[in-house]
Amino acid sequence: MARKAAALALAALVGVSPLLPQAKVLIVTNETLYVEDSDEAPGGMFGELYARAFGAVGYEVGIALLPLRRSVDAFFAGSADAYSPGAIFIPAERQAEIVSVPIARVVSGYLYLRDRGSHAELPGDSLQARADFLRRNSMSLGLVSANPVLPYYEAAGVRLVILETMEQHVRMVESRRIDYAVMDYFGAMQTIARLYPGNRERFGFVVASAPEVSLSFAKANPRTKELLPKFAEGLAAIKGSGAYMEIMERYWGKGNVPKDSLTPDMARHGVDRARPG
């Protein structure tokens, strides 16, 4: 319900009605990250981090969830004050137009079904090795259109399927319509638990990287001069107070936040290897 309300609100913004008039900061994000939102916490883990950081410096936050391309378009059109997950999904030619504040990292990799034995052999050390493996075995790969590795796999001749949401990624793997899906680990596990309760052991995951998630602000947006330093101040405040780790542990589990999911300054609070959960 929260997701639907936020999407409707953003639709109103690009027309004639103001979006979330009670919110002093509007953040647009996409549905490819783990944002298991609820009425209490729209935007899930990242939504909570943004709300607490801005709240620490006196701002209210509204979260609007849209499909990937529409979320980026809305951000650059000035329909929102900031964009998450930030630079990782901003086209290369537009990177110079933004400034970003790192907030966390996502443990990213390749989801597959364990009952296909050869999948466990997928190399995790380089794009070249993975591309060669996928092409040699005529395997398919699902990923979002803005994923920075897409052009590489495309040029390497890997069979690709473009997907938009986490649910699509997981359902396509489970139905064997694709061999692998490029996802973040936490989002994959959450989505599997929701769609296929009690069947998580059927899925395997090859860890490949931990890309940075940030909150991006457009340099051309007049509010950036005000909001950027305020967000950085608020983020530092919740890290210092313990609220940052409190939020992370609510999603990962107490004492189970992997170092790879934290910003370098917070890595000392994480563990080397998280328990699946």
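Me: Helices (H or I, at least four residues) and strands (E, at least two) are DSSP runs, numbered from the N terminus. With that in hand, where is Ser175 placed?

Reply: Ser175 lies in the loop between H6 and strand E8 (180–184). A word on the source: this is a predicted model, where local features need pLDDT of at least 70, side-chain atom pairs count only at pLDDT 80 or more, and totals for chains, interfaces and linings use all residues. Residues are numbered from 1 along each chain as its sequence is written, and side-chain values use heavy atoms, leaving out hydrogens and water.

Me: Why is Ser175 called partly exposed?

Reply: Buried means under 20% relative accessible area, exposed means over 50%, and partly exposed is in between (1.4 Å probe, protein chains only). Ser175 has 36% relative accessibility, so it counts as partly exposed.

Me: What makes H9 largely enclosed by the rest of the structure?

Reply: Helix H9 (residues 243–252) has 10 residues and eight of them are buried, so the helix is largely enclosed. The buried ones include Tyr244, Met248 and Trp252. Among the elements that cover them are helix H2 (44–55), strand E4 (98–105), H7 and H8.

Me: Why is H6 called roughly perpendicular to H7?

Reply: Two packed helices are described by the angle between their axes and the distance between the axes. Axes are lines fitted to C-alpha atoms, for helices over the stretch in contact, and angles run from 0 to 180 degrees between N-to-C directions. Helix H6 (residues 166–174) and helix H7 (residues 185–195) pack at about 70°, with axes 10 Å apart. Angles under 35 degrees count as roughly parallel, over 145 as roughly antiparallel, 65 to 115 as roughly perpendicular and the rest as oblique. That angle therefore makes H6 roughly perpendicular to H7.

Me: Which residues of H6 meet H7?

Reply: Contact means heavy atoms within 4.5 Å. Met166, Glu167, Val170 and Arg171 in H6 meet residues of H7, including Ala188, Ile192 and Leu195.

Me: How do you know where confidence is lowest in the protein chain?

Reply: Look at pLDDT, the predictor's confidence in each residue, from 0 to 100. The mean is lowest in helix H1 (residues 2–13), at 43, and highest in helix H8 (residues 224–241), at 96. Over residues 1–22, pLDDT stays under 50. For the protein chain, the mean is 82, and 83% of the residues reach 70 or more.
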